[in-house]
Amino acid sequence: MKLDYILHLADDALIMGHRLGEWCGHGPILEQDIALTNTSLDHLGRARSLFQYAAEQFNSLTPELKSVQFSSVALQALVSEGKPLDEDDLAFLRDGWDFRNHLLVEQPNNDWAYTVARSFYYDAFNYLFFTELMNSTDTTLASIAEKSLKEVTYHLRWSSEWVVRLGDGTDESHERMQQAINELWMYTGELFDMTETDKAMQAEGIGADLSKIKSLWIDRVAQVMEEATITIPQGKWMQKGGKSGRHTEHLGYILAEMQFMQRAYPGMEW
Amino acid sequence: MSQDINNKNEWPLWEVFIRSKAGLDHKHAGSLHAADADMALENARDVYTRRMEGVSIWVVESRHIRASDPGQSESLYEPANDKIYRHPTFYNLPDEVKYM
């Protein structure tokens, strides 16, 4: 159960980091290109800490539990050979249905406004989430949360400023920011969806209470959008599924690109 | 240095000064483009402090800097060449005094 919780957090960090990393060399201006890849590396750093912790948890499971944890073929092969898994195995050899990230973070970059909107929704969530997770009874998660909060505070500052800059900018930038905010809105509901894992982890004092975070998130998002002259979407229907392994088609493309090298040349280092 | 206000595609240039640790002065680190002062500070953070170079950042728009004319170097700086008495080189320092 705790392993699922850690993997969900790790997958969010990995996929978000990968998405932002796709901007490398494509940013609208050198300085913002560097800003996004810096942020990407913050997410990837957090992903590494979490995957290392997840691997540690996995390797201490009983053989029976190990054999049913993942349905990814490549991981099952390693498990049946009795080999321990490491952070790279979890990142590069897992299939899409074993990924537990939010649908929001796998959405494509599209344009600058979409990238900003996705970051803004996620950063606002992360900021509140890691503030809560710092109180976790699990000391490893609490310390990862403490380190992450410093990084995420800056991420949120960056993305909030861009929402205001574009929203309260020219007619065109306002329109495009509003459109990105509208279209990604339906992926925000899943951020607060309490799965069985979330409920169990909260009960044990390990995980955060997402319903508590929800109202704070809405306040924070509304405050920035008001300054940005952006209208808060009113849609009630929300997409979900990522936290249970049901993803949008975009995840498959990310994994194909990200995992190709390790799949084609197993164990290669460079 | 004049700024072309008609060129809307180009963000203005800023000069960045970084203090490497408390107690030291800010030193010129380089320049960058940004739409305003807040963005210039953030860009400076992302571009110039990634390797723990700083604890404080100053930014100033490049057009506000008035630079001396290299063509006037002779009259500006060479007159100091023969005023060696301005350097306190003729004091004998006791061995006990360090860091001078």
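Guide: Let us start with A:Ala113, which sits in helix α7 (residues 112-133) of chain A. Please keep in mind that this is a predicted model.

Visitor: Why is A:Ala113 called buried?

Guide: A residue counts as buried when its relative accessible area is under 20%. A:Ala113 has a relative accessible area of 5%, so it is buried.

Visitor: Which residues is A:Ala113 in contact with, leaving aside its neighbours within four places in sequence?

Guide: They are A:Leu166, A:Arg176, A:Met177 and A:Ala180. One of these, A:Arg176, is 63 residues away along the chain, while its C-alpha atom is 6.4 Å from that of A:Ala113.

Visitor: And what makes A:Ser119 buried?

Guide: A:Ser119 is found in helix α7 of chain A. Its relative accessibility is 3%, and the limit for buried is under 20%, so A:Ser119 counts as buried. Not counting residues up to four places away in sequence, A:Ser119 touches A:Met16, A:Leu20, A:Ala124 and A:Ser159.

Visitor: Why does A:Asp42 count as buried?

Guide: A:Asp42, in helix α2 of chain A, has a relative accessibility of 18%. That value is under 20%, so A:Asp42 counts as buried.

Visitor: How do you know that the side chains of A:Asp42 and A:His155 make a polar contact?

Guide: A polar contact needs a pair of N or O atoms within 3.5 Å, one able to donate a hydrogen and the other to accept it. The contact joining the side chains of A:Asp42 and A:His155 is 2.8 Å. Beyond four places in sequence, A:Asp42 is in contact with A:Glu151 and A:His155.

Visitor: Where is A:Lys243, and why is it called buried?

Guide: A:Lys243 is in the loop between α11 (210-227) and α12 (250-264) of chain A. At 10% relative accessibility, A:Lys243 falls under 20% and therefore counts as buried.

Visitor: What does the side chain of A:Lys243 make a polar contact with?

Guide: The side chain of A:Asp198 is a partner, at 2.8 Å. With neighbours within four places in sequence set aside, the residues in contact with A:Lys243 include A:His8, A:Arg100, A:Glu190 and A:Leu210.

Visitor: What makes A:Asn110 exposed?

Guide: Exposed means over 50% relative accessible area. A:Asn110 has 55%, so it is exposed. A:Asn110 belongs to the loop between α6 (103-106) and α7 of chain A. Its phi is positive, about 50°, although A:Asn110 is not a glycine.

Visitor: Why is B:Met52 called exposed?

Guide: B:Met52 has a relative accessible area of 79%; that is over 50%, so B:Met52 is exposed. B:Met52 lies in the loop between α1 and β3 of chain B, and its phi is positive, near 60°.

Visitor: Now the helices. How do α1(A) and α2(A) pack?

Guide: Helix α1 (residues 2-21) of chain A packs against α2(A) at an angle of about 155°, with their axes 7 Å apart. That makes α1(A) roughly antiparallel to α2(A), because angles over 145 degrees count as roughly antiparallel. The crossing of α1(A) past α2(A) is left-handed.

Visitor: Why are α8(A) and α9(A) called oblique?

Guide: Their axes cross at roughly 130° and come within 7 Å. Roughly perpendicular stops at 115 degrees and roughly antiparallel starts over 145, so an angle between those limits counts as oblique. Therefore α8(A) and α9(A) are oblique to each other. Among the residues that meet are A:Trp162 and A:Leu166 in α8(A), and A:His174 and A:Met177 in α9(A).

Visitor: What caps the N-terminal end of α1(B)?

Guide: B:Asp36 does, with a side-chain oxygen 3.2 Å from the backbone nitrogen of B:Asp38. The buried residues of α1(B) include B:Met39, B:Ala44 and B:Tyr48, and what covers the buried residues of α1(B) includes α2 and α8 of chain A.

How values were computed
Residues are numbered from 1 along each chain as its sequence is written. Chains are lettered from A and ligands numbered from 1 in the order in which they are written. This is a predicted model: local features need pLDDT of at least 70, side-chain atom pairs count only at pLDDT 80 or more; totals for chains, interfaces and linings use all residues. Side-chain values use heavy atoms; hydrogens and water are left out. Buried means under 20% relative accessible area, exposed over 50%, partly exposed in between (1.4 Å probe, protein chains only). Helices (H or I, at least four residues) and strands (E, at least two) are DSSP runs, numbered from the N terminus. Contact means heavy atoms within 4.5 Å. Axes are lines fitted to C-alpha atoms, for helices over the stretch in contact, and angles run from 0 to 180 degrees between N-to-C directions. Angles under 35 degrees count as roughly parallel, over 145 as roughly antiparallel, 65 to 115 as roughly perpendicular and the rest as oblique. A crossing is left-handed if the near helix is turned anticlockwise from the far one by less than a right angle, and right-handed if clockwise.
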